[in-house]
Amino acid sequence: MNVERRKVAIFGAAAAVRFLLFTCFPGLPDLLTGRVEISTPVTSFKRLQEGLFLYNHNVSPYDGGVYHQAPILLPLFALLPSSQSWPSMTYLLYILVDILSANALMKIAKSGEGGSSSLYCSPRMGKKWSGYAIAAAFLFNPFTIATCIGRPTSVFTTCAILHAISKAVVGSSFTSMFALSIASYLSMYPVLLFPPLILLCYDRRGPKQQNDSLLSFVSGNVMGVGGFLYSLFHMSYIITGSWEFIESTYGVQLLLPDLTPNVGLWWYFFIEMFDSFRNFFLGVFWLHLSSYVAGLTIRLRRQPLFVIITLLGIFAIFKPYPSISDTSLYLAMLPLYRHVFPLMRYTFLALSTILYATLLGPAFYYLWIYAGSGNANFFYAITLVWSLGLSILVADALFAVLRDEWEVERPEMRGKEIRQI
Amino acid sequence: MWGNKALVAMRLILSLLLLLSAAIPHATASSDYHEQLNLRSLHPSLLLASFNFQSNTSLTSFEQQNFRYFPRSLGQILQHANTRELHLRFSLGRWDAESWGARPWGGAREGGTGVELWAWVEAESDEEADGRWLTLTNALSGLFCASLNFIDSTRTIRPVMSFEPAGNHSSSTLDNLHLLHGTLPREVVCTENLTPFLKLLPCKGKAGISSLLDGHKLFDASWQSMSIDVKPICEPGSSDCQLQITQTIDMVLDLQRSKRPRDNPIPRPVSYEELRCDLSKDYHSHDTCFPLDAAAQEEEWILSHIFGHPLKGTCPLADDGIDPVCINVPHARHVYASEGAHEHKDESGYKRCFALSPDKDFEIILPQQEISEKSPLEQPLLYAERSFIGYGQESGGVQAILTNPSSTNAIEFVYLETLPWFMKLYLHTLKAKINGVEEDIIKEMYYRPALDRKRGTQLEIRILIPANSTVVLTYDFEKAILRYTEYPPDANRGFDIAPAVITIGDIAIRTTSLLLPLPTPDFSMPYNVIILTSTVMALSFGFIYNLLIRRFVAIDEADQWDVRAVRLKVLAVAQKFMSRFLEKRSKDGKDD
Amino acid sequence: MAPSLPQFSAARMRSYVFRLPLFTRSIIGVILVLWVASYQGVFDLVQWGALIPKEIGISTMYRTNTFPLIHRGVFHTFFNLIALAPLLERFEAEYGTLTSLALFVGPLSTIPALLYTFIERGILGMNTAVLGSSIWVFTLLATEACKTYKTNPSFQLGTVQVPTWITPLVMVVFVSVLVPNTSFLGHLCGLAFGYGWGLGYLKFLAPPEWALRWIEGKLNLLGRLPHYVSVDQKTYGRFGVLPTTNASNISLPTGDRMQVEMGLVGTSGSLLRRDPRLLKVPPYLSFLCIVIGVAWLLVLPLDNYSRKTYISENALLPGQVHTYFAGSDQNVFRGYKREVDGMGEWGNVEVNDKLEEFFKASGLKVARQRYEYTSAGETYSGENIYAILHAPRGDAEEAIVLVGAWTNVEGELNKSGVALVLTLARYFKRWSLWSKDIIFLITADSRAGPQAWVDAYHDTHQKGVQSLPVKSGALQGAVVIDYPFDHRFESLHVVYDGINGQLPNLDLLNTVVSIASGQMGIGASLQKMWQHTDTYKDRLTTMLRGMMNQGLGHASGPHSSFIPYHVDAITLQPYGEGWQDEMAMGRVIESTFRSLNNLLEHLHQSFFFYLLMQSSRFVSIGTYLPSAMLVAVNFTIMAIFLWVKSGSTPSPDSKVGSTSEKSGPLAIIKKEDAVAIVPEELLEARERDFFLPLGVVVGSHFLGVLPLYVFNHTPHALLPIIFYLFSALNLLLPLLISSTLTHSFAPTLQQYQLLKSFSLLFLGMFLSALATLNFSLAFLIGLLAAPLTYIQPFKSTVITALYVVLMALLAPTSVLFAGTWYWNLGVGAVLREAAFGWDVWGMNTQVVVWCVWWPGWVVGVIQLFGRPRVREKGKA
């Protein structure tokens with residue numbers, strides 16, 4: 001009971017904070033919606049409004065260069081009262097989504113998958129944070145709050161991913177796969193999470209599936225995901241009446257026609273790229289992004305959850321249109337591996353780099369776009385720093401986990417300096 | 001038997017009809033080519049000169065390549081591009097409706113700043129139409145030395161509500177006529193466009209009113225517009241149609257400026273004597289002067305001073321029906337014309353026209369004159385203003401202020417915006433305020449969103465403005481950032497946005513064009529960016545894959561470097577070497 | 001284990017050199033010093049110090065000690081050093097610093113020396129001077145050889161077993177053969193002693209261990225000296241590795257030593273904590289940062305660091321056109337002037353009615369705009385009037401603004417200025433060459449009016465401000481005339497700083513300056529430097545005044561309001577008594593407008609970040625930014641340092657390689673066949689409890705909103721009282737917080753360190769971000785906050801007291817008060833100005849002061865009063 005009360009307290013507080021921000025600073029939501037760090041062309045709330053407007057007026061939103069988001073969002077938001085006249089409805093929806101995500105996160109923490117997966121049990125597993133702490137860390141992370149206020153549609157993806165994992169850790173692979181396909185349908189890249197997620201499901205599979213082999217298990221779920229995706233696509237086809245949404249939604253992520261600045265590395269690269277090489281480098285970038293999946297999944301076979309976390313971190317850096325909402329997701333998942341923090345080496349460095357970038361980014365963006373006294377390189381340099389800081393963090397966490405595994409093999413090596421050969 | 005009679009009667013009627021139909025064309029084809037110059041003095045000390053050249057050719061002879069007064073070069077282009085109706089505009093400057101009143105021809109003969117072209121092309125399908133449109137623009141750009149060929153798919157729209165075909169087309173052709181419209185707001189109109197324009201005239205600018213046209217004066221005007229319209233006109237019910245080409249040039253000349261001698265155009269301060277001061281001021285003295293404005297009296301001017309040279313006779317090809325020169329001033333104003341010209345005063349009291357003698361130079365002189373009576377300014381139907389709101393290079397808004405001055409009648413019009421694709425319009429932010437209060441006055445809307453690098457935005461709104469009220473249209477947009485090869489050389493100047501076209505019935509009003517600054521990348525960076533970004537990616541790839549593929553060992557298990565170790569290793573190598581060497585020796589020893 | 005081939009790495013080499021123990025270092029140092037000294041010509045060092053057998057007497061015994069330290073020439077020195085260093089290091093590592101000291105100053109050099117002298121002089125009767133440390137080299141080699149001989153007596157050279165103790169001998173022979181004029185005998189003596197020592201016959205020469213221990217303990221050498229090698233190590237070799245007599249792993253001790261040694265320089269954070277050097281450096285480093293930062297700023301005015309200004313935008317072509325504003329236009333000017341004088345006392349609206357007539361008479365479009373602001377309980381209202389000259393053949397795409405405020409910043413009637421605007425409007429109308437519209441703006445005042453107009457032009461105006469009825473295109477530039485007197489003037493004063501320290505493009509300034517001085521022969525000056533003799537002092541003053549204006553971030557003229565909208569603008573103020581008349585001023589404007597009219601692109605070529613030290617001299621951002629960044633970085637350095645420190649093992653005096661009694665229990669770890677003992681804390685990384693510190697820091701930053709709100713929303717009458725109340729409260733607040741902290745949470749030392757770390761981290765971050773937006777403000781605040789870097793809960797009350805005084809002086813409130821006193825303005829006036837800036841100009845200096853600087857200060861004082869809880873193991 002008391003436990004429940006704590007949960008309620010945390011969620012209530014989080015909701016209250018958000019709602020206060022929404023109501024006390026009426027200008028804030030639109031301000032944050034305009035920030036490139038929060039809204040990207042594929043998640044922006046303003047573009048969603050535009051798409052919705054066109055959809056309500058029977059103009060195909062996909063026959064234009066503005067709306068690049070999944071069709072299912074259109075009827076969803078069409079059901080809500082319009083955000084101009086009844087903004088509070090939208091606010092409530094977004095707050096709700098955040099709380100659902102936090103809830104899923106809490107479930108994951110409860111399952112203790114972080115400390116001891118079914119194949120591996122960390123010697124340090126004793127040292128961990130309660131689900132409440134982790135949920136609170138997610139809910140009160142400034143990035144998460146800013147994202148919630150900015151209302152990009154990426155929060156739905158976040159929520160779906162977290163639910164996919166939370167279902168996976170309790171072994172209900174069907175639901176997990178469903179959530180995953182929703183996430184992938186909303187914004188494509190989560191489909192790369194399939195391999196580790198399916199392994200997670202397999203490790204935690206229920207008693208009645210105990211005897212079926214990995215291969216059959218995987219194939220079954222592949223079918224499942226395919227089925228879900230197909231039905232979603234077909235539904236979208238029915239909603240929009242044509243298949244052109246495929247090109248306008250996923251094509252944009254693949255081909256990057258919209259070069260609006262964001263915290264990622266793609267936009268400036270492809271602004272400055274020579275036309276003849278553009279497609280080649282698009283291929284290279286996507287290849288690079290997906291190249292991590294296999295390596296991590298194989299090397300960290302025993303801790304699939306951490307593979308997912310690391311992948312999320314990598315996506316937050318190398319996606320075509322990343323935003324701080326992706327970062328907030330990664331930072332939310334990381335505390336699940338609280339027990340390896342002592343093994344991390346550059347935490348402070350990485351975090352302070354990220355903080356610096358967080359402050360300098362808006363400053364330089366202002367200098368470039370508004371004051372006109374700085375040029376694009378200012379903001380670009382900061383995105384570089386940001387990405388570097390994040391990748392140091394990701395790599396460091398990975399190091400810690402690997403070392404944790406290694407020390408199981410060689411207990412006498414605790415606290416010793418080690419090298420890699 | 002009875003049937004027979006009826007048959008005869010029928011035949012009679014038919015023949016009559018035939019006769020009639022044969023007679024009508026001759027009636028209409030009376031005038032083949034005529035030209036007219038209209039002069040109207042605008043306050044303050046400005047002169048509006050509008051030239052009008054018009055000629056008809058029967059469509060049948062046109063189709064037989066038998067162009068009479070119709071310019072052959074243009075004619076062939078039209079035929080080749082299956083263009084049934086053509087409107088081409090070159091304009092420069094801004095018409096100041098507040099002080100100059102209504103536009104010449106009610107705005108029907110002018111375009112937005114730069115070049116504007118719209119045409120009805122006959123084609124089976126849209127693709128075919130596009131192809132022919134491409135042909136047309138390229139051919140015209142060659143003909144008029146204008147970069148019309150830059151009107152590509154991103155600058156072309158197909159207006160739905162705005163433009164109506166001016167000519168009359170048979171319903172059969174009307175079905176597969178395609179209206180295409182394109183603008184080049186950045187195009188600077190200049191002499192090289194005028195010369196081909198004059199070449200199209202029957203008198204080629206050698207005689208007649210066209211002899212007044214000359215680049216220096218035309219392009220020194222405060223506002224000027226050249227137009228070409230080609231349209232078929234058919235008598236209702238008759239099969240024989242005519243193809244009419246109308247060329248007009250309108251310009252607003254600053255009298256003082258154009259009176260300056262060409263060898264000394266600099267507006268030096270006037271000498272102390274000519275300085276017109278307000279003597280009533282108490283402080284007036286030899287070195288202190290409160291200037292008087294020249295509003296009270298009419299400037300004196302002479303035709304040949306304004307245009308640089310006198311009018312050389314009439315164009316022999318023009319028929320005499322219409323007086324070639326008219327001037328809109330009150331009858332009270334003294335106007336002296338050179339002899340041989342016959343003046344016809346118009347009964348309206350404000351217009352008089354002159355019939356010239358064919359081969360003598362013609363000259364008009366208006367002396368300076370204190371006169372209270374002024375020819376009335378025709379009030380425009382609508383005042384339109386458009387400007388950007390907001391600042392910064394991320395996003396912004398457009399605000400169009402449309403005022404209906406008339407105190408009695410409401411006006412319905414269509415507001416057409418054509419925006420480039422990199423100006424991402426948010427339609428849901430479109431608001432219409434009437435006299436400050438938000439109302440739903442938008443009757444009808446057609447919206448075609450832009451596609452990146454494929455086509456521009458097209459927005460047409462039908463609005464009804466009640467009598468003397470003001471409508472304010474606002475909408476937000478976002479500025480896209482382009483690939484660095486897509487910027488013009490003067491990237492930091494910004495991009496010109498074509499004027500909005502406001503169609504009221506058959507007349508059109510255009511707002512001014514806008515300058516849209518876009519965020520610019522650093523154009524010197526490509527290599528650095530490629531290198532830096534790749535480095536960051538390589539780094540993190542390195543971090544992670546190093547961790548993944550290399551194995552951990554304790555420091556001491558790895559090779560170390562230190563004095564002792566080195567010595568031992570050196571020794572070991574030496575030993576190995578020596579031993580092998582000596583073994584060999586001993587072996588050899590054994591052998592022998 | 002079979003030794004595999006080593007791979008050399010510079011890092012390890014460096015680390016090795018860094019790890020040289022104390023005595024070795026000092027010997028090397030001495031040798032180097034003497035070598036350098038031997039180059040001076042005053043007296044012959046070699047002659048003085050060398051071991052010359054004939055010279056040896058009682059009085060010259062010193063030679064027996066000095067000769068190894070003196071060398072002849074560069075090669076001699078360095079070869080000996082390279083040979084000596086590793087050997088000496090090993091020796092010292094094994095026997096401890098004290099022993100080595102005793103031996104090498106004493107017997108180890110004297111005995112061989114005497115031996116040599118005896119043989120050379122007595123037996124051979126020769127007199128060869130020897131010098132150089134090679135003798136030690138061979139002594140040590142010999143001892144090494146003996147050791148090696150113990151462990152593995154011989155090595156296989158083909159079939160023959162060569163005893164290992166031979167090697168030194170062989171080397172002596174080799175050396176004497178290969179290297180010219182080496183003393184074979186000397187080396188032999190060295191060897192002899194070495195063998196003697198190595199075989200243990202001479203051990204008695206070593207000082208008794210108890211004595212050494214006693215000295216060590218008494219003097220706490222271990223604590224005092226860096227790199228000191230304790231005596232204890234003899235008990236179990238080095239670093240607690242039990243020497244094993246297993247021939248197979250000779251290299252094991254080495255290995256283990258390497259492990260820890262590598263740890264010291266290893267890149268990993270967990271070990272960085274353990275490196276004493278790294279724990280010592282940062283405070284000095286950050287201090288250095290501050291010093292360099294300030295010094296950097298001071299050298300900027302020198303010719304080598306500042307540059308002469310130049311025009312980057314070629315389209316401007318300043319002063320290339322002939323100007324015609326003269327002659328009868330002067331009469332017109334006088335006419336308008338008289339009219340304006342007549343309107344001196346009229347109300348705003350009547351004046352505008354009249355001006356409207358004038359503009360209309362010149363054939364321009366005229367419009368008006370009313371505005372009303374309320375700030376600090378006062379209302380500022382007025383009406384702007386402006387006229388637009390349409391560019392003939394232009395299409396309202398671009399525009400330039402000519403501003404003449406009715407009253408200037410000091411509130412004087414800008415008579416000649418307004419008259420000039422009217423005359424120029426009439427004059428410009430005559431020209432047909434304008435490619436951009438020209439807007440003639442006459443604002444009601446110089447503070448609120450321009451802001452209202454430019455806000456409305458971009459439709460960002462607050463309510464109370466009318467929107468503009470008529471507009472033109474994008475503003476490309478604005479020039480303000482501030483000419484409040486009748487008489488002729490001497491030269492021009494150019495005001496350029498905008499709101500929040502944003503500056504116009506340098507090209508605009510250069511254009512005006514080059515037109516004024518180059519074309520018209522009118523001098524231009526900046527920052528109220530009425531006479532500027534191009535000296536260092538004047539340049540510095542100009543720069544500092546500029547920085548002060550920039551730092552305050554207030555509007556210094558009507559132009560300031562334009563700059564935030566990326567409209568480059570400046571104010572021109574004629575000053576002094578001279579022979580330049582209004583027409584000259586008009587011609588400057590004319591020529592400037594002709595230049596701006598040439599612009600194809602918005603001004604973007606030249607600098608936006610610069611410090612001017614003269615009208616024709618500037619420093620660009622690349623040159624000056626480091627100074628502010630250094631000041632900001634010093635905070636960050638300390639923050640990182642404190643973070644590391646807070647995580648490090650609490651015993652601050654655990655030295656390299658010394659496992660002194662103090663450091664905690666030892667854990668014995670068995671590895672294949674070797675046993676290593678490592679202090680236990682190394683195993684568990686220290687956990688930080690950073691929630692409390694973080695809470696305090698973030699809380700105090702949020703607390704900053706309170707003064708911000710209060711000072712911007714109180715009516716101006718109350719402002720001074722509020723201020724004094726606040727500053728009184730301000731001195732108590734940290735004390736209260738601190739005491740509550742100590743009572744309710746009893747924070748540990750670590751928590752205080754973290755508190756400081758976070759606070760400094762934030763400070764550093766904010767300041768470095770700010771340095772890019774408003775360099776001067778960042779620099780000034782950084783400087784004022786610098787003492788925070790060194791604040792901590794001091795033990796001695798004296799220091800605390802001193803620091804309290806210092807902090808009280810450097811409190812934001814005190815600084816503000818001092819400022820007002822220095823410029824003798826009332827506190828109320830300053831605060832009202834600030835509130836006005838906040839409400840009207842969108843000035844955000846206060847935000848920086850209250851939400852960045854003040855919280856840092858508060859946290860600093862909190863630490864000062866803090867009493868860290870003494871942990872059982874926390875402090876040593």
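**View 1. Val230(B) and Ile245(B) are bridge partners in a predicted model, the latter residue lying in β8(B).** The two strands involved are β7 (residues 223-234) and β8 (residues 241-254) of chain B, antiparallel to each other and joined by twelve bridges. Strands count as paired if DSSP finds at least two bridges between them. Helices (H or I, at least four residues) and strands (E, at least two) are DSSP runs, numbered from the N terminus. This is a predicted model, in which local features need pLDDT of at least 70, side-chain atom pairs count only at pLDDT 80 or more, and totals for chains, interfaces and linings use all residues. Residues are numbered from 1 along each chain as its sequence is written, chains are lettered from A and ligands numbered from 1 in the order in which they are written, and side-chain values use heavy atoms, with hydrogens and water left out.

**View 2. An open sheet of eleven strands in chain B has mixed pairing.** The strand order is β5-β6-β4-β3-β7-β8-β2-β1-β12-β15-β14. At the edges are β5 (156-157) and β14 of chain B, each of which pairs on one side only.

**View 3. Strands β14(B) and β15(B) form a hairpin with six residues between them.** Strand β14 covers residues 342-345 of chain B and strand β15 covers residues 352-355 of chain B; the two run antiparallel and share four bridges. Lys345(B) has Arg352(B), in β15(B), as its bridge partner. In the turn, Gly349(B) has a positive phi of about 95 degrees.

**View 4. Strand β7(C) is mostly covered, with six of its six residues buried.** Buried means under 20% relative accessible area, exposed over 50%, and partly exposed in between (1.4 Å probe, protein chains only). In a regular strand the side chains alternate between the two faces of the sheet. Here Asp437(C), Ile439(C) and Leu441(C) are buried on one side, and Ile438(C), Phe440(C) and Ile442(C) are buried on the other. Strand β5 (residues 378-389) of chain C pairs with β7(C) in the antiparallel sense over five bridges, and Ile385(C) stands opposite Ile442(C). Strand β6 (residues 398-403) of chain C pairs with β7(C) in the parallel sense, also over five bridges; Leu402(C) has Phe440(C) as its bridge partner in β7(C).

**View 5. A nonpolar surface patch of about 900 Å² lies on chain C.** Its residues are Tyr149(C), Trp165(C), Leu169(C), Val170(C), Val173(C), Phe174(C), Val177(C), Leu178(C), Val179(C) and Phe184(C). Patches are made of residues with over 30% relative accessible area and no salt bridge; like charges are joined within 9 Å, and nonpolar side chains (Val, Leu, Ile, Met, Phe, Trp, Tyr) within 5 Å. A salt bridge is a side-chain nitrogen of Lys or Arg within 4 Å of a carboxyl oxygen of Asp or Glu. Accessible areas come from the Shrake-Rupley method with a 1.4 Å probe, and for residues only the protein chains shown count as cover. Helix α9 (residues 166-178) of chain C gives the largest share of the patch, six residues. Tyr149(C) belongs to helix α8 (residues 134-151) of chain C and counts as partly exposed because its relative accessibility is 34%.

**View 6. Helix α10 (residues 194-203) of chain A is mostly covered, nine of its ten residues being buried.** The buried residues are Phe194(A), Pro196(A), Leu197(A), Ile198(A), Leu199(A), Leu200(A), Cys201(A), Tyr202(A) and Asp203(A). Their cover includes α8 (154-169), α9 (173-187), α11, α14 (275-299) and α15 (304-318) of chain A.

**View 7. Thr240(A) lies in helix α11 (residues 214-240) of chain A.** Leaving out residues up to four places away in sequence, Thr240(A) touches Tyr62(A), Pro71(A) and Phe245(A), where contact means heavy atoms within 4.5 Å. Ser60(A) is 180 residues from Thr240(A) in sequence and 7.1 Å away in space, C-alpha to C-alpha.

View 8. pLDDT is the predictor's confidence in each residue, from 0 to 100. Chain C averages 82, and 86% of its residues score at least 70. Over residues 235-273 of chain C pLDDT stays under 50, and the model has 65 contacts beyond four places in sequence for this stretch. In chain B, residues 16-31 also stay under 50, with eight such contacts.
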